[in-house]
Amino acid sequence: MSDWQLQGWLGDEWRWYVAKPWDMPGWLPANVPGSVLDDLVRAGEVPDLWFERSSRLGEWVAERTWIYRTRVAGPARVRFEGVDHEASAFVDGQEVARHEGAFTPFEIDVPDGPHLLAVAVHAAPACEPQVGVTSKVRVHKSRMGYGWDFCPRMVHQGIWRPVTLDAPPELFPVVTLEDDIGTVEVDGEVVLRVDAPELWWPNGMGDPHLYEVEAGGGRFTVGFRDVSFEDYELRVNGIMVPVRGWNWVPIDALYGVPRPEKLAHLLGLAARANVNLIRVWGGGLIETPEFYDLCDRLGLLVWQEFAQSSSGIESKPSDDPDFVATMAEDARQIVPRRRARPSLTIWCGGNELDGDDSTPVLAALEQVVQELDSERHWLPTSPLGAADVHGPWEHQGLRAHNEHYDTRVSRLHSEFGVEGMTNRRALEALIAEEHRWPADRSNPVYEHLGAWWNNAPLVQEAFGGRIRDVETMRRCSQWLQYEGLRYAVEATLRRGAGTIPWQLNEPYPNAWCTCAVDHRGDPKPAYWGVSRAYAGAPTARFATSAWGGLGEARARVTAPARFVDLDGRQVAAVDEGELAAPLDAFAHDVFVLDVGP
């Protein structure tokens, strides 16, 4: 079924077209899996949505019902792995199924002979953008596309997961490791038993060993490991290890379009940065099998949140019984399909919700997880209590930033960040040259492309108010992001807490963002700062990066260190401990703290 067509209508007009002849004009070629907006861009129906403010020209699409159709020869069992968000399926104009839910599959039967298969992807459901009211949300769907600080309004629709004919039955393995015996059960039958199995280890702790299993006409891989996360302390196979994580958002606003190379590249960058845990943020997706395949192989533990998130006005999930039932039913299908994954470590009810295990929807989700995947750790939301905290997401200023992170006390800092401009080639592809300056919020293009994270005034202040061009602004902002995020991570690790910076990637090319890797997949300097910290490089604690007026520069170091003037002259040195030098000992306004052998 590689030959698909697409057309859209307002209201119920689509109902007149589900059985029209195949060669009827007006239909566009479509990709399955894919996204409606992507098909329209390729057909020239909407412009390039990733340039300047043109994403606004695609906002009308979500108001329409879009019919996908193809020709299929029966008899066949057709399996839809995922349609976003509500769909009706027709065979030769006769409705055979109706399904709601982007994260759950459904199947239909096609009788003998050639047939026209049509799938109406209905207008996107109402939902809340970031600055909204969580209790109004009634759908289990990625909220990011409704408008977020790092993603303009690009509501996703489409057949976003594969469609297959006569696929083998699904298997829902149960993997256990007990008394040094690893077992895999399918439908209550042991299909693999391994005495003293080779263990699956996270990145940086050993080999993420996988066993290949054949059962029930299918093939899958499993790994045996013991993971706990009690009181926000991560213990793997009996060994306690600090969380060295990164927050993950969908790799693209049009997440239905397969991007296997980009997915592998981004998760590979996470592994290269010495990360051991990926937090799948609750405003995004229940991540895909392809995502989990890579995490299994790379040794990246996964903290998976259900698709619920906070709002700018109110963050309490709805207690509407129908919504609670929908979430529970989704969970009953989602959890068994992922529970065999060795990478999966934590199920979480959502991001920054005002609630706990007594909140109806979170209680319902916990019940499903305990029933179907009791080995995994459950968190109702993040943060919860004083042990886990979120924020800030902005540089705190040259005189306040380091003090802020040196005085935290939580066991886990699961969301915090520092903002900065994107890389040069990403910026050049994103904004026409004549619109690149000024790079602050007075420029409407920059207002559209990451306004929340545009800290041009702070950058100007930090560098003496002398920035006059976009390239200098970009480099200075990226230095602040690099140094600010590196220091925040090192300070958190120094006190023995876990750290999950916000955010590794971005789903849309922003001019300013808290991401460490731009939309093209190119790391910003901040990526290398976190990678350095996670590699265990020597660290230094110091009060500020701007010492003017303080009389003396000081740093507490964990390795041999020295203050070096810009002419290369060593001003002060110490093997470890306290390093200090009066400012008048330096001949230049800038000096270097050199730490390490």
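Predicted model: local features only at pLDDT ≥ 70, side-chain atom pairs only at ≥ 80, totals over all residues.
**Entry 1: the cores.** I began with the largest nonpolar core, which has 75 residues. Its members that touch the most others are W246, W248, I278, F291 and F306.

**Entry 2: around W246.** I looked up what W246 is in contact with, leaving aside neighbours within four places in sequence. The list includes A273, V275, L277, I278 and R279. It also holds I500, P501, Q503, L504, A516, Y527 and V530.

**Entry 3: helix α2.** I moved on to α2, which covers residues 260-272. I counted 13 residues in this helix. From its first C-alpha to its last it reaches 18 Å, close to the 18 Å expected at 1.5 Å a residue. Which residues of α2 are buried? I found K262, L263, L266, L267, L269, A270 and A271. An α-helix has 3.6 residues a turn, so residues three or four places apart point the same way. I saw that spacing in the buried pairs L263 and L266, and L263 and L267.

What covers these buried residues? I listed β18 (245-248) and β19 (277-280) among the elements that do. The helices α3 (289-298) and α11 (525-534) are also included. Just after α2, I noted that N274 takes a positive phi of about 70°.

**Entry 4: strand β29.** I then took β29, residues 552-557. Its covered face holds A553, A555 and V557. Its uncovered face holds E552, R554 and R556. In a regular strand the side chains alternate between the two faces of the sheet.

Next I checked the partners of β29. Strand β28 (residues 540-541) is joined to β29 by two bridges, and the two run antiparallel. R541 has R556 as its bridge partner in β29. Strand β32 (residues 577-582) also runs antiparallel to β29, with six bridges between them. There, R554 stands opposite A580.

**Entry 5: D84.** I ended with D84, which lies in strand β4 (residues 83-84). Is D84 buried or exposed? Its relative accessible area is 0%, so D84 is buried. I looked for a polar partner and found the side chain of H156, in polar contact with the side chain of D84 at 2.9 Å. Leaving aside neighbours within four places in sequence, I listed the contacts of D84 as A102, V121, K141, H156, Q157, G158, W160 and Y255.

Terms used. Residues numbered from 1 in each chain as written. Heavy atoms only, no water. Helix = DSSP H or I, 4+ residues; strand = E, 2+ residues; numbered from the N terminus. Buried < 20%, exposed > 50% of the residue type's maximum accessible area, 1.4 Å probe, protein only. Polar contact = N/O pair within 3.5 Å; in protein donor to acceptor, adjacent residues only side chain to side chain. Contact = heavy atoms within 4.5 Å. Expected span 1.5 Å × (residues − 1). Pairing = 2+ DSSP bridges. Core = buried A, V, L, I, M, F, W, Y, C linked by side-chain atoms within 4.5 Å.
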